[in-house]
Each structure stands twice: as C-alpha cells, then as structure tokens.
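Dear colleague,

Please find below the structure that I am handing over to you. My notes on what was found in it follow directly after.

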Amino acid sequence: MTPSATTATWDPAEVPELLAWDRELPPVRIPVTGNIPTTRRLRALIDSAAFQRLRRVRQTGPAFLVYPGAVHTRFEHSLGTYEMARRLVLALLARPGRQPGAAAMDGTFLTPGDVATFLVAALLHDVGHYPFSHTIEEIPGDDPVLAGRLPRHEERGAAIIRQNPEIRQILADLWGVDPDRLCRIIREEPAPDDPGAQRLANLLAGPINPDRLDYLARDSEHIGVPYGRGIDYQRLLDAVCWTPDGLGVGVTPKGVSAVETLIFASYIMYRDVYWHHTGRIAAAMLRRALTEALRAGAFAIDDFVDLDDEQALGLLRAVPHPATRDLVERLTGAGRRLYKRVARLSYPRALAGEYGAEIRDLVRAGYWEREAWARDACRALARRLNRPVEDHHLLVDIVGGGKELFFEVPVVAGDRVYTTADPEVSVLAPNIARNFREQAKYVLLAAPAELVEPFRVMLGMPQGWQPS
C-alpha cells in the first residue's frame with residue numbers, strides 16, 4: 001500500500017451512477033454499449049450546450065468519404081467512454097474480493113470524490129474537439145496567422161470547462177467536482193502534491209483506458225470492420241487490477257490474451273482504417289482549404305474552432321479564395337473528386353534516406369516547410385507542362401510520424417510486475433510493435449488525378465507500395 005492510499009470503505013450510493021442510478025429516468029441507448037443508466041446530474045452535463053455540440057462533430061472526421069457508415073459522432077463516443085469508465089471503476093472496486101452490490105466498496109485507491117471526478121472526466125474528455133475531429137488538430141500553431149491558437153483538444157476542452165459558466169455550475173452544484181482539478185486530469189498534468197489526481201490521469205489515459213475501450217469497438221461497428229469487435233472485453237475487465245504502487249492499471253496473468261486482442265485491434269484500426277490513404281487525402285485537403293482561407297484573411301481561426309462539422313463546411317464553402325473553393329468543391333461537390341496518390345512511401349525508409357536526400361529532408365522538415373516544398377513543385381510542373389498548375393495541387397502528408405501506440409501493458413503477478421513487451425509474457429505484442437514502426441507509418445503525396453503521373457515523372461519518385 002502506498003502512503004497516499006486509504007483503507008476506508010464506502011457506500012456505493014455515495015456515487016449514484018455506480019449502482020443506484022435514478023430509476024425514474026430512462027437510460028440512454030447507443031450502439032455497441034446498449035443502455036446507459038443515467039442520473040439527474042449526469043443528464044445535466046449531457047444536456048449542456050457545450051456537450052450537445054458534439055452531436056454534430058463526426059467521430060472519425062472525413063473517414064465517411066471512405067466508409068459510408070462512419071457518420072457516428074463524438075457525442076455518442078463520449079457517452080460510450082463514460083459507460084466504459086463506469087464499468088472499469090466497478091471492476092477495480094470489486095477486485096479485492098468485494099462484488100458490485102455489496103454493502104461497501106473498497107476505498108484503497110479510489111474515494112467517492114475520485115470516482116465522480118473520473119466519470120465526469122471520461123464524459124467531457126472530448127468536449128474541446130474541433131470540427132472534423134483530429135483533422136484540424138494536426139495543423140501546428142507556429143504559423144503567424146494561427147499564432148498558437150490551435151492547441152490540443154485536451155487543452156481546449158480544459159479551457160471550456162474552466163470558462164463555461166453552465167458546466168462550472170453543474171460541476172459545483174450537482175457533482176461537487178473541482179473544475180481546476182478536473183482540467184489537470186484531462187490534460188494529464190496533475191499537481192505534484194495530488195497523487196489521487198495522478199492516479200485518475202493514468203486511469204484516463206493509460207494503456208487500458210475507457211476512451212480506447214470505447215472507440216475501437218464503436219468505430220469498428222459503424223465502419224463495418226471486425227477488428228475492434230473481436231476484443232475480449234469481459235475477460236479484460238475481469239482481469240484489470242492496480243499496479244503495486246496504486247498509480248496505474250494492469251491485468252492479472254489471465255488477462256494477457258485479452259490485452260493482446262486490444263493491442264492487435266488498435267494496430268489494425270490505425271493501419272487499415274484511421275490511416276487509410278483516401279481518408280488521409282481528404283483530411284489533408286481539408287487542412288489546406290482551411291489554411292488557404294486563413295492566409296487569405298477570409299476569417300479568423302477563432303471564428304472556426306467552435307463550429308460543428310456542417311457549420312465549418314458552410315463557412316469554407318462561402319470563402320471566395322479560389323484554392324479553398326476548389327478543394328471544398330472536390331470534397332463535397334456533386335461528384336467526389338478527391339486527390340489521388342502520387343506516392344506512398346515507407347516512413348522509416350524515407351527517414352533512412354532510401355528514397356534519396358530530398359525525400360529524407362522533406363520528412364524531417366516541419367509542416368509549413370513541406371507545404372512550401374509542395375508549392376515550389378507545383379510551380380516547377382507548371383513550367384514543365386507550360387500550362388497552369390495551382391499551388392495547392394500537390395499535398396504532402398506524413399502519416400503517423402510522431403504517433404506511438406501502447407504495446408507495454410503491466411501484468412501483475414503477486415508482488416511482481418511484468419509487461420507485455422517481454423516475449424516471455426507475449427510474443428504477439430513485441431511483433432505488433434515492430435510492425436507498427438516499420439509498416440503502418442508512411443509518407444503520402446497526393447494530387448488531382450490528371451496530375452498524378454506528371455508529378456511522379458517530374459519528381460522521379462517511386463510509387464512505393466500501393467495497397468488498394
């Protein structure tokens with residue numbers, strides 16, 4: 001037991017969302033999860049204007065242009081994340097031997113206040129998402145036009161929680177949750193003198209977290225692929241436990257196979273769904289449409305970030321700037337005219353210089369330097385063809401460059417802690433980690449269909465592997 005642990009037991013009625021929800025209120029029913037029991041204070045947060053906006057922000061951004069079923073929203077996912085958080089808490093509280101429904105819950109590592117804070121954090125973790133989900137978040141804020149006004153969605157969510165009077169009042173009057181502590185947990189920056197907040201931050205963002213447990217299954221269901229639906233959730237929740245220091249969550253040895261299904265699903269979903277080349281091309285076109293509009297002074301970034309998807313598209317459609325107009329029309333016009341691949345190159349091979357120094361330097365460069373390189377290439381091709389080629393007709397996307405997945409999950413056997421990175425514990429996890437590093441990440445160049453071959457010839461570039 002750590003110095004920060006307690007030995008108190010408490011009545012689950014102190015957190016009514018766990019077991020004693022309001023039977024007079026109907027549950028909220030969503031795909032995958034089914035019925036989510038509600039309380040009046042939970043309903044108050046769900047009905048707040050900031051949370052209701054998430055009904056109109058698609059969970060997977062422009063992926064619906066590839067997978068027609070991918071029109072589910074951050075609203076649905078946030079409800080699912082809340083429910084997975086509730087189930088995870090129940091599993092951890094029951095772990096020492098007390099079963100859910102017993103007269104008291106084990107309070108060794110979680111107090112009633114901690115549980116309430118964690119449930120709220122799970123529900124509100126995505127309240128700061130921009131239009132088009134993660135798409136816009138990939139634009140760095142170091143451009144003079146943006147001036148640092150595109151922080152991570154966690155940072156923006158924390159600002160909404162701190163500044164939104166409706167949410168602050170609900171948290172204070174109904175939940176008894178400190179908004180500032182909640183924000184530090186969501187931002188994964190707990191105060192050093194608050195080990196309880198550190199525990200909750202780790203629980204919210206660790207390798208077995210409610211966000212991941214929800215989106216893998218939910219995205220799979222809507223997109224129509226089996227990967228996330230193959231996770232052994234029941235065995236995983238039966239096996240979750242605290243690490244000996246009480247600051248993190250792992251599994252008992254019987255949960256290793258369930259963790260392997262989680263790791264494999266995450267890897268496949270990134271490789272074949274989230275990083276599908278057509279979806280990445282659509283996202284790159286959206287980003288460029290926005291930055292062209294901002295640089296043309298059509299509107300300020302502050303006018304954009306609070307919109308939902310359709311409002312944001314409407315704002316972009318109204319921009320007279322020709323580059324923005326062309327890109328948005330190709331994305332959303334009567335006929336879908338997305339850019340096509342000029343090349344798809346292995347990211348690690350590109351970094352190693354196997355495609356030449358120019359591509360190596362392009363990958364190492366920053367976002368805006370890559371955009372400038374692409375503009376120069378468009379002008380060079382225009383001179384070569386002796387006809388117009390617009391500056392936005394070549395896009396460069398580094399797919400997964402700085403992204404890392406989780407492959408090391410603690411496995412707690414008595415007083416010893418192993419990890420799935422150990423081949424004696426899991427041969428599968430280390431091999432998936434290697435595949436992720438070597439095969440999932442790639443460099444993507446895209447252009448209008450009629451310019452793909454001219455760009456390829458001019459740049460002297462191999463196509464790379466071109467999966468369908």
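A residue is called buried when its relative accessible area is under 20%, exposed when that area is over 50%, and partly exposed in between, with a 1.4 Å probe and protein chains only. The model is a predicted one: local features need a pLDDT of at least 70, side-chain atom pairs count only at pLDDT 80 or more, and totals for chains, interfaces and linings use all residues. Residues are numbered from 1 along each chain as its sequence is written, and side-chain values use heavy atoms, with hydrogens and water left out.

Helices (H or I, at least four residues) and strands (E, at least two) are DSSP runs, numbered from the N terminus. Two strands are said to pair if DSSP finds at least two bridges between them.

The sheet S7-S11-S8

Three strands form an open sheet in the order S7-S11-S8, with antiparallel pairing. S7 and S8 are its edge strands, each pairing on one side only. On average, neighbouring strands of this sheet are turned by 20° against each other, direction ignored; axes here are lines fitted to C-alpha atoms, for helices over the stretch in contact, and angles run from 0 to 180 degrees between N-to-C directions.

S7 and S11 are joined by 6 bridges and run antiparallel. Within this pairing, Arg341 has Ala446 of S11 as its bridge partner, while Arg344 has Leu444 of S11. On the S8 side, the antiparallel pairing with S11 extends over 5 bridges, and Val399 stands opposite Tyr442 of S11.

S11 itself is mostly covered, with 6 of its 6 residues buried. Tyr442, Leu444 and Ala446 point one way from the strand, and Val443, Leu445 and Ala447 point the other way; all are buried.

Helix H19 (residues 452–459) lies across S7 and S11 and runs at about 40° to S7. In helix H16 (residues 357–364), the residues Ile359, Leu362 and Val363 are buried. Seen down the axis of H16, the buried residues fall within an arc of 95°, so they line one face of the helix; the arc is that of the directions from the helix axis to the C-beta atoms. As background, an α-helix has 3.6 residues a turn, so residues three or four places apart point the same way.

The cover over the buried residues of H16 includes strand S7 (340–346), strand S8 (395–399) and strand S11 (442–447), together with helix H15 (347–351) and helix H17 (367–385). Contact, here and below, means heavy atoms within 4.5 Å.

The hairpin S9-S10

Strand S9 (residues 410–413) and strand S10 (residues 416–419) pair in the antiparallel sense over 4 bridges. The two strands form a hairpin with 2 residues between them, and Gly414 in the turn has a positive phi of about 65°. Val411 stands opposite Tyr418 of S10.

Helix H3 (residues 74–94) has 21 residues, which at 1.5 Å a residue should span 30 Å; its end C-alpha atoms are 30 Å apart, which agrees. The expected span is 1.5 Å times one less than the number of residues. H3 is mostly covered, since 20 of its 21 residues are buried.

Thr117 lies in helix H4 (residues 112–124) and counts as buried at 5% relative accessibility. Leaving aside neighbours within four places in sequence, Thr117 is in contact with Val177, Arg181, Leu182, Ile185 and Leu200. The C-alpha atoms of Thr117 and Leu394, which are 277 residues apart along the chain, are separated by 46 Å.

Two residues in the loop between H4 and helix H5 (153–163) deserve mention, one of them being Phe132. Phe132 has a positive phi of about 70° although it is not a glycine, and it is buried, with a relative accessible area of 3%. Ser133 is also placed in the loop between H4 and H5. Its phi is positive too, at about 60°, although Ser133 is not a glycine, and Ser133 is buried with a relative accessible area of 2%. Most residues other than glycine have a negative phi.

Cysteines

A search of the whole structure finds 0 disulfides, a disulfide being a pair of cysteine sulfur atoms within 2.5 Å. Cys241 is buried, with a relative accessible area of 6%, and Cys378 is buried, with a relative accessible area of 0%.

With kind regards
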